[in-house]
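Colleague: I would like a close look at one helix and the packing around it. Please keep it brisk.

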Amino acid sequence: MAKWDTAYEWKVVTLLGLGFGLVGLDRWIIAPLFPVMMKDLGLGYQQLGNIIGILGLAWGAFAILMGGLSDKIGHRRVLIPAIVLFSLLSGLSGLATGFLSLILIRAVMGLTEGSFCPTSFAATAEASAPQRRGFNLGLQQSTFALFGLGLAPIIATQLLRVVPSWRYVFMVVAIPGFILAIFMFFVLRDPHHITSREPKAPGHKWSKIFHQRNIVVAMFGLFCAMTCVFVLSGLMPNYLTDYLHLSTEQMGVVTSALGFGGFVGQFALPGLSDVLGRKIVAILGFAATAVMLRAFIAVGPNPAMLFGLLFMVSLFCLGLVSLLTGPIAAESAPVGLVSSAVGIVVGAGEIFGGGVAPSLAGFIAEHYGIQNILYLALTGATAGVLVCFFLKETAPRKVGVLAPSLVTSG
């Protein structure tokens, strides 16, 4: 048996981890800027929810489409153009003159980030040794939370103190993506089934993905997790400033708990599932999310308590996102359709949890009070407990074999 290329494995995890971190930063930098933007552009809560939602809808649609395409043409041809384009579009967000231009830019940005997401997960799964697959996929995805939800509020609020307006913040955060694309060009390889000169195995029908129970369950599970994550991520800054009346600086610190908690959770939960099993970690993760969120709802304007509880909510909930879209989806996919399967799971979660739910939250905030968005997030977490009872175990240490879909990879 050939020796595993560990050096390449860690290069890929590092580069794609940084890349997914920039996806998170470019996507979520808008949330802490919105209290300033809404005054400048004359926007309201419903429009904020729609701006966040349109990116999620576009992300979901292209995650499904481009995940399947990358199975056919390789990872490089999708990942490198995608990171260049979403970085460019993030910078262009700073040129928006109103709701229409902003929503169009963010929609196209969703297409490119949706292309990057499942393809990068499949590339990480391809490069990872089986016993480290859950941890590596979690580590890669953890940077989304760290950069997008942890550092973004701090970066945004601090940059606002030194740049002329919020527009320049978008332009500054776009720069690292162009640099990372150069490194990816020289390091990233295409999967074995693309580069091999051996005769190709007969192709699998795309519909075969839905014959796997876990793929369907993961779709619904991700819908529940993302409803919680994206409702909180999108409207938390306004909840803290408008309802609890925290200062802008306090808001930035408390909101950053979503990112720092998610950063820990997104490699901790998949890594723990390598040992304990995917199913039990998923069930307990949703239960813990619901308990912590209920406690958060009861807390008043106490920044320290709010930070601690939001940290724990995000740890479990974003850890579940990583678990469902990473090892569970990858290990449940038919041979040669890993990117497609991950894309379908991510796409379903994004369309409903990342697209419909924030728009619904905006409607609730506009008409019934922003404090009531927290109950929408709580509903998602509670429903997720029930959904995950239908999962079938796939962790290699629990089932005793490598996941069939990845045996021939690498």
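Which residues are exposed on the other side of α7?

Modeller: Ile182 and Phe186 are the ones exposed there. Keep in mind that this is a predicted model.

Now the buried side. Helix α7 spans residues 166-187. Its buried residues are Trp166, Val169, Phe170, Val173, Ala174, Gly177, Leu180, Ala181 and Met184. They lie on the same side of α7, because they cover an arc of only 120 degrees around the axis. The spacing fits a general rule. An α-helix has 3.6 residues a turn, so residues three or four places apart point the same way. Buried here means under 20% relative accessible area, and exposed means over 50%. By that count, Ile182 and Phe186 are exposed on the other side of α7.

Next, the cover. The buried residues of α7 are covered by elements that include α1 (6-28), α2 (30-41), α4 (76-92), α5 (99-127) and α6.

Take α4 and α5. Their axes are 8 Å apart, and they pack at an angle of about 150 degrees. Angles over 145 degrees count as roughly antiparallel. That is why α4 is roughly antiparallel to α5. The crossing of α4 past α5 is left-handed. On the α4 side, the contact uses Val78, Leu79, Ala82, Ile83, Leu85, Phe86, Leu89, Ser90 and Leu92. From α5 come Ile105, Val108, Met109, Thr112, Glu113, Ser115, Phe116, Thr119, Ser120 and Ala123. By class, the contact of α4 with α5 has 13 nonpolar, 5 polar and 1 charged residues.

Helix α6 runs over residues 133-159 and has a contact with α10, residues 248-255. The two axes come within 8 Å and cross at roughly 160 degrees. The helices are therefore roughly antiparallel to each other. The crossing of α6 and α10 is left-handed. Leu149, Pro153, Ile154 and Thr157 of α6 make the contact with Thr248, Gly252 and Thr255 of α10. By class, this contact of α6 with α10 has 3 nonpolar, 4 polar and no charged residues.

To return to α7: Trp166 and Met184 are among its buried residues, while Ile182 and Phe186 are exposed on the other side.

Methods. Residues numbered from 1 in each chain as written. Predicted model: local features only at pLDDT ≥ 70, side-chain atom pairs only at ≥ 80, totals over all residues. Heavy atoms only, no water. Axes fitted to C-alpha atoms, helices over the stretch in contact; angles between N-to-C directions. Helix = DSSP H or I, 4+ residues; strand = E, 2+ residues; numbered from the N terminus. Parallel < 35°, antiparallel > 145°, perpendicular 65-115°, else oblique. Left-handed = near helix turned anticlockwise from the far one by under 90°. Contact = heavy atoms within 4.5 Å. Nonpolar A, V, L, I, M, F, W, Y, C, P; charged D, E, K, R; others polar. Buried < 20%, exposed > 50% of the residue type's maximum accessible area, 1.4 Å probe, protein only. Arc of directions from axis to C-beta.
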